[in-house]
Amino acid sequence: MAALFEQGWITGLVLLVLIGEAAFLVARRAMTARAALLLVLPGAGFLGALQAALSGAHWSLVALGLALAGLAHLADLQERLRR
């Protein structure tokens, strides 16, 4: 279990769960593909930032992941408020 965190594999595993969740929601017609994508993108941005931090990447890559997560979150909020 420690290797999952030390080598950063945990982020890939969580990303697979997020993708599976979005696919399930689209397949059940609970939401559109666009809405599911907007739901998953902020989490993907956070996972990118986490992966960068766990791998010892430059701080700017961590900041980029967080910025992308924030922008995706704003897009999701805008979409939800329109409905």
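The model on display is predicted, so local features need pLDDT of at least 70 and side-chain atom pairs count only at pLDDT 80 or more, while totals for chains, interfaces and linings use all residues. Residues are numbered from 1 along each chain as its sequence is written, and side-chain values use heavy atoms, with hydrogens and water left out.

**Helices α2 and α3**

Select residues 9-27 for α2 and residues 33-54 for α3. Helices here are DSSP runs of H or I with at least four residues, numbered from the N terminus. Axes are lines fitted to C-alpha atoms over the stretch in contact, and angles run from 0 to 180 degrees between N-to-C directions. The two axes lie 10 Å apart, at an angle of about 180 degrees; α2 and α3 are therefore roughly antiparallel to each other.

Next, show side chains along the interface, where contact means heavy atoms within 4.5 Å. From α2, the residues involved include Ile-10, Val-14 and Leu-25; from α3, they include Ala-33, Gly-43 and Leu-54. By class, this contact has 15 nonpolar, 3 polar and no charged residues (Ala, Val, Leu, Ile, Met, Phe, Trp, Tyr, Cys and Pro count as nonpolar, Asp, Glu, Lys and Arg as charged, and the others, Gly among them, as polar).

**The core**

Select Leu-18, Ala-22, Ala-36, Val-40 and Leu-47, the largest nonpolar core. Such a core is a set of buried Ala, Val, Leu, Ile, Met, Phe, Trp, Tyr and Cys residues joined through side-chain atoms within 4.5 Å. Its largest share, 3 residues, comes from α3. Centre on Ala-22: leaving aside neighbours within four places in sequence, Ala-22 is in contact with Ala-36 and Val-40.

**Thr-11 and Trp-9**

Buried means under 20% relative accessible area, exposed over 50%, and partly exposed in between (1.4 Å probe, protein chains only). Thr-11, in α2, is buried at 7%. Not counting residues up to four places away in sequence, Thr-11 touches Leu-47, Leu-50, Gln-51 and Leu-54.

Move to Trp-9, also in α2, which is exposed at 56%. With the same exclusion, Trp-9 touches Ala-3 and Leu-4.

**Helix α4**

Finish with residues 59-82, helix α4. Its buried residues are Gly-65, Ala-69, Ala-72, Asp-76 and Glu-79, and these pack against α3.

How values were computed. Helices (H or I, at least four residues) and strands (E, at least two) are DSSP runs, numbered from the N terminus. Angles under 35 degrees count as roughly parallel, over 145 as roughly antiparallel, 65 to 115 as roughly perpendicular and the rest as oblique. The expected span of a helix is 1.5 Å times one less than its number of residues.
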